[in-house]
Amino acid sequence: MQWTVHGERQIYDNPWVNLWLVDVQQPDGRRWEHHVVRMRHLAVAVVVDDQKRVLMMWRHRFITDTWGWELPMGLIEAEETPEQAAAREVEEETGWRVESVKPLVYAQPANGITDSEHFVFRAEAASYAGPPTEVNESDRIEWIPISQLRGMIDRREVVSSGSLVGLLYLLLDEATGSA
């Protein structure tokens, strides 16, 4: 059943996140203001090497005060495509350069509260370009064997939505031979 939008108003604005109140009416006739978080969209890169390993970063997230493995990812800038953002983020965050990326999967991780879109890409070849320019992103950068990913996910060593979506789709591709 579709909800009806009667209008919306912005109540907070900054370059990363915006909060809106949306006047909605549910199919049963109930009408109320729903909080909606509008965000710039995210590009995620699953970089796989010829040894069937994935480039990942071990990092701390202060909001949840947790450590975990993540894929390179970041917000898409106004002047770039999602593909360009994914390649840029890989190099900035890891120091590895990818020549090209191809779409892997698309996700809307929390579409009941936010309009955030995650564009997840796969890159097959990477060359080391030098140290990461984003020095505050991670404690370490490693190539993780694909065979270890399921266990890492099960142990909650990978919990970020962008990373989970990309890695689970990669595992699905590997299992079905679609890679």
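Helices (H or I, at least four residues) and strands (E, at least two) are DSSP runs, numbered from the N terminus. The model is predicted, so local features need pLDDT of at least 70 and side-chain atom pairs count only at pLDDT 80 or more, whereas totals for chains, interfaces and linings use all residues. Residues are numbered from 1 along each chain as its sequence is written, and side-chain values use heavy atoms, with hydrogens and water left out.

**View 1. The annotated span, residues 39-172.** The span is 25% helix and 36% strand, and its end C-alpha atoms lie 28 Å apart. An unreviewed UniProt entry places the feature "domain: Nudix hydrolase" at these residues. UniProt positions are given in the numbering used here, feature names are shortened, and annotations may be inferred rather than shown by experiment.

**View 2. The open sheet of three strands, in the order E1-E2-E3.** Pairing within this sheet is antiparallel; two strands pair if DSSP finds at least two bridges between them. Strand E1 (4-13) and strand E3 (31-39) are the edge strands, each pairing on one side only. From one strand to the next the twist averages 25°, where axes are lines fitted to C-alpha atoms, for helices over the stretch in contact, and angles run from 0 to 180 degrees between N-to-C directions.

View 3. Eight bridges pair E1 with strand E2 (residues 17-25) in the antiparallel sense. Asp 13 stands opposite Asn 18 of E2, and Tyr 12 has Leu 19 of E2 as its bridge partner.

**View 4. Asp 23 in strand E2.** Asp 23 lies in E2 and is buried, at a relative accessible area of 19%. Here buried means under 20% relative accessible area, exposed over 50%, and partly exposed in between (1.4 Å probe, protein chains only). Beyond residues up to four places away in sequence, Asp 23 touches Thr 4, Val 5, His 6, Gly 7, Arg 31 and Trp 32; contact means heavy atoms within 4.5 Å.

**View 5. Leu 42 in strand E4.** Leu 42 belongs to strand E4 and counts as buried, with 12% relative accessibility. Neighbours within four places in sequence aside, its contacts are Met 73, Gly 74, Leu 75, Ile 76, Glu 117, His 118 and Phe 119. Leu 42 and Ala 126 are 84 residues apart in sequence, and their C-alpha atoms are 21 Å apart in space.

**View 6. The largest nonpolar core.** A nonpolar core is a set of buried Ala, Val, Leu, Ile, Met, Phe, Trp, Tyr and Cys residues joined through side-chain atoms within 4.5 Å. Among the 21 residues of the largest core, Val 46, Val 54, Met 56, Leu 149, Leu 167 and Leu 170 touch the most other members. Strand E4 (42-47), strand E5 (53-61), helix H2 (146-154) and helix H3 (161-176) each give two or more residues to this core, and H2 supplies the largest share, four residues. Apart from this core lies another of 13 residues, including Ala 45, Val 101, Ala 123 and Trp 143.

**View 7. Helix H1 (residues 82-94).** The 13 residues of H1 reach 18 Å from first C-alpha to last, close to the 18 Å expected at 1.5 Å a residue; the expected span is 1.5 Å times one less than the number of residues. Buried residues in H1 include Ala 85, Ala 86, Glu 89 and Val 90. Gly 95 follows H1 and has a positive phi, near 85°.
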